[in-house]
Amino acid sequence: PLCWNPANCIVFDPSEGIVGTEMKTAFHPLLAIVGVFLAGFCASSVAAREIAITLDDLPYVLPSRTTPSEGLAQIQAVNDALAAHDVVATGFAVGEQIGWRSRPALNAFADAGHTIGNHSWSHPDYGTITAEQFREETRRTDEVLSNWIGTSRFYRFPFLREGETEAAKAAAEAILSELGYVNVPVTIDTDDWRHNAEYLDALDRGNDAAAAEIVAAYVAHIQERTEHFEVLAQEGLRREVPHILLLHMNQINADHLGDILGWYEAEGWAFITVEQALSDPFYQMPNRYAGPRGLSQIERVMGQPSE
C-alpha cells in the first residue's frame, strides 16, 4: 500500500495500478494523483521487452563429436555474435566436461566478460537422484569452477527439472542456499538442441540445402517460442516480464546466434543480464509446480504447463 499516513492507504499493484483502498478516514486527494502517476510509470516500465541470454552445457555440447579446437571455435563464434549486439551472457558449465583440453574454451567465454554458472557435474535429471547426490553434483562442480565463478553464483537445473514433489523442491532449494547459489530459471524454453542435432547431421552429409532449411526452421522456432511465452506472461500474469532465454553452446548457435540476436533487436527487444532480470519481483513469486517436467518459470508461477 501507498500511504499518506497510517490511516489512509491506497492498495497499489504494479501490474494493475490502483486496485483498492484501505481507509480509516478519507484519503488525501494528492495521494490519488501520485498513485495514478506511479501506476502509469510502473506500467510503462514493465512494458519494455527485455531479455537475458543464457547458454547451457559449457564448455560445449557433444564433446564426443567435437574436438577441443572445434569447441574453442564455437565459443569464439558465440562471443563474436554476443559482442556484435552488446550482450553480456551467462553460461552454465557441466563439471565432468571440464578438463585441460576444454579449459581454453571456458577461459575464452569468461575472458570475453560473460558469467559462468554451475550446471551440475554429470547433467542428471534431478528426479532420478537423491538430495544428497544433488548436493554432491553441485559441490563437485563448484570446486572445478572455482577459477571462473565470482560473486555471481548461479545454478541451472539440468532439463529444467527442479523436483517432482514439494519436498524435493525444498531440499534442492536448501542445498543451493547452503552452497551459496541462486537458481536461474528460464522463461523462454527452446528445443535448440534438437535443431542442432539435425543441423550437424546435415553438415556431416555435406547437404548444405538441408542445413539451410534447418537453420530457417530453427530461427522460426525461436520466434514462435518467444511469442508463445511472451503472450503467456501477458495473459496469465497480466504483465510483461524480463525474459531469460535458454540456448546451448552448440554448433547451430555458433553459426547462427547472430541471426537470433538480430531478430530480437529488430523486434525492439533490449538485452539485459541475468542479474538485471532476476531483480524483477516476478522471479520472487512462488514456484507452484511440482512434477517431472522442465518448465518455463512463467508456467511454474501459474502452477501448470501451458501446453
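1. Is lysine 169 buried or exposed in this structure? Lysine 169 is buried, because its relative accessible area is 10%; buried means under 20% relative accessible area, exposed over 50%, and partly exposed in between, with a 1.4 Å probe and protein chains only. The residue lies in helix α5 (residues 166-178). Helices (H or I, at least four residues) and strands (E, at least two) are DSSP runs, numbered from the N terminus. The side chain of lysine 169 reaches the backbone oxygen of asparagine 287 at 2.8 Å. A polar contact is a pair of N or O atoms within 3.5 Å; within protein, one must be able to donate a hydrogen and the other to accept it, and residues adjacent in sequence count only if both atoms are side-chain atoms. With neighbours within four places in sequence set aside, the contacts of lysine 169 are Glu162, Gly163, Asn287, Arg288, Tyr289 and Ala290, where contact means heavy atoms within 4.5 Å.

2. Residues are numbered from 1 along each chain as its sequence is written, and side-chain values use heavy atoms, with hydrogens and water left out.

3. Where pLDDT is low, the predicted coordinates should not be read in detail.

4. As to overall composition, the protein has 10 helices and 10 strands. Of its 307 residues, 48% are buried. Among contacts between residues at least 6 apart in sequence, 74% join residues at least 24 apart.

5. Which residues of helix α3 (residues 103-111) are buried? They are Ala105, Leu106, Ala108 and Phe109. These residues lie on the same side of α3, because they cover an arc of only 155° around the axis; the arc is that of the directions from the helix axis to the C-beta atoms. The cover over the buried residues of α3 includes β4 (50-58), α2 (68-84), β5 (90-93) and β6 (115-118). Just after α3, glycine 113 has a positive phi of about 95°.

6. Leucine 145, in the loop between α4 (131-144) and β7 (154-155), counts as buried because its relative accessibility is 0%. Its contacts, apart from neighbours within four places in sequence, are Ala93, Ile98, Leu106, Ile116, Gly117 and Asn118. Leucine 145 and alanine 93 are 52 residues apart along the chain, and their C-alpha atoms are separated by 8.3 Å.

7. Two packed helices are described by the angle between their axes and the distance between the axes. Axes are lines fitted to C-alpha atoms, for helices over the stretch in contact, and angles run from 0 to 180 degrees between N-to-C directions. The axes of helix α6 (residues 192-204) and helix α7 (residues 208-236) come within 9 Å and cross at roughly 170°; the two helices are therefore roughly antiparallel to each other. Angles under 35 degrees count as roughly parallel, over 145 as roughly antiparallel, 65 to 115 as roughly perpendicular and the rest as oblique.

8. The second pair is α2 and helix α8 (residues 251-266), whose axes are 8 Å apart at an angle of about 5°; they are therefore roughly parallel to each other. Glutamine 74 of α2 is buried, with a relative accessible area of 4%. Residues up to four places away in sequence not counted, glutamine 74 touches Tyr60, Thr66, Met249, Asn250, Gln251 and Ala254.

9. A cis peptide bond, with omega of about 5°, joins leucine 58 and proline 59. Leucine 62, in the loop between β4 and α2, has a positive phi of about 50° although it is not a glycine, and counts as partly exposed at 35% relative accessibility. Leucine 160, in the loop between β7 and α5, has a positive phi of about 60° and is likewise not a glycine; at 7% relative accessibility, leucine 160 counts as buried.

Definitions and conventions
This is a predicted model: local features need pLDDT of at least 70, side-chain atom pairs count only at pLDDT 80 or more; totals for chains, interfaces and linings use all residues.
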